[in-house]
Amino acid sequence: MIKCYLGSLNKVKLDAVKKVLLDYEVICLAVNSGVGDQPLSDSETMQGARNRALALPNDGLRIGLEAGVQLQDGILFLVNWGVLLDQKGNFYYAGGTRIPLPDFIKEELFNQGKELATVMDEYLNQKDIRSKEGAIGYFTCSVVRRIDIFVHIVKLLYGQYIRKNQSEI
């Protein structure tokens with residue numbers, strides 16, 4: 001079986017990769033993103049995903065998935081990025097979600113240095129929302145859940161990988 005490494009132990013990210021890469025042995029490893037616990041820009045979120053992929057063993061596909069926020073025109077948006085790195089050293093990038101977050105979250109992230117997951121857990125009086133529906137699930141009444149975002153990103157990554165490998169045949 002072909003290996004695919006995921007640079008996270010998060011169950012939602014693992015389930016997303018497994019839903020897309022059905023013929024792969026998916027191996028989760030805890031790796032450092034090399035960015036802040038709460039990425040505060042598209043650039044930082046993308047870099048975190050890239051760093052996660054780069055930190056994984058190179059005897060299979062390597063995937064880094066990262067969630068963050070982006071401040072645009074005074075509005076704080078939830079963002080997600082993924083990077084797939086193949087055994088030939090090719091990078092594939094995909095971004096996802098853009099949904100505005102309430103102003104109180106902006107205050108807690110930028111002025112108090114909290115993570116979005118912590119803010120959401122406190123706000124909803126829950127534990128570990130990042131391993132469940134995520135902030136996106138709450139703000140969309142579970143029409144879109146965190147797994148949906150990461151499945152979409154992994155499909156975008158894997159689709160690019162397939163296309164590149166087909167065109168090299």
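Biologist: Where is Asp 128 found?
Modeller: This is a predicted model, to be clear. Asp 128 is in the loop between helix H4 (116-124) and helix H5 (134-139).

Biologist: And what is its phi near?
Modeller: Phi of Asp 128 is near 60 degrees. That is a positive value in a residue other than glycine. Most residues other than glycine have a negative phi.

Biologist: Is Asp 128 buried, exposed or partly exposed?
Modeller: Partly exposed, because its relative accessible area is 37%. The cut-offs are under 20% for buried and over 50% for exposed.

Biologist: What about Cys 141, where does that lie?
Modeller: Cys 141 lies in the loop between H5 and helix H6 (146-167). Its phi is positive too, near 50 degrees. Cys 141 has a relative accessible area of 69%, so it counts as exposed.

Biologist: New topic. At what angle do H1 and H6 cross?
Modeller: Roughly 45 degrees. H1 covers residues 11-20, and the two axes come within 8 Å. H1 and H6 are therefore oblique to each other. Their crossing is right-handed.

Biologist: Which residues in H1 meet which in H6?
Modeller: On the H1 side they include Val 12, Ala 16 and Val 20. On the H6 side they include Ile 147, Phe 150 and Tyr 158. The residues of this contact divide into nine nonpolar, no polar and five charged.

Biologist: Now rings. How many aromatic pairs does a search of the whole structure find?
Modeller: Seven. One of them is Tyr 92 with Tyr 161. Their ring centres are 5.9 Å apart and their planes are at 85 degrees, so the pair is edge-to-face.

Biologist: Which parts does that pair tie together?
Modeller: Tyr 92 lies in strand E5 (residues 91-95) and Tyr 161 in helix H6. The pair therefore ties together parts that are 69 residues apart in sequence. Both Tyr 92 and Tyr 161 are buried.

Biologist: And what sort of pair do Phe 104 and Tyr 123 form?
Modeller: A tilted one, 4.8 Å centre to centre, with 35 degrees between the planes. Phe 104 is in helix H3 (residues 103-110) and Tyr 123 in helix H4, 19 residues apart. Phe 104 is partly exposed at 29% relative accessibility. Tyr 123 is partly exposed, with a relative accessible area of 44%.

Biologist: Last one. Which residues do ring pairs link into a cluster?
Modeller: Tyr 24, Tyr 92, Tyr 158 and Tyr 161.

Key:
Residues numbered from 1 in each chain as written. Predicted model: local features only at pLDDT ≥ 70, side-chain atom pairs only at ≥ 80, totals over all residues. Heavy atoms only, no water. Helix = DSSP H or I, 4+ residues; strand = E, 2+ residues; numbered from the N terminus. Buried < 20%, exposed > 50% of the residue type's maximum accessible area, 1.4 Å probe, protein only. Axes fitted to C-alpha atoms, helices over the stretch in contact; angles between N-to-C directions. Parallel < 35°, antiparallel > 145°, perpendicular 65-115°, else oblique. Left-handed = near helix turned anticlockwise from the far one by under 90°. Contact = heavy atoms within 4.5 Å. Nonpolar A, V, L, I, M, F, W, Y, C, P; charged D, E, K, R; others polar. Phe/Tyr/Trp six-rings, centres within 6.5 Å; stacked < 30°, edge-to-face > 60°.
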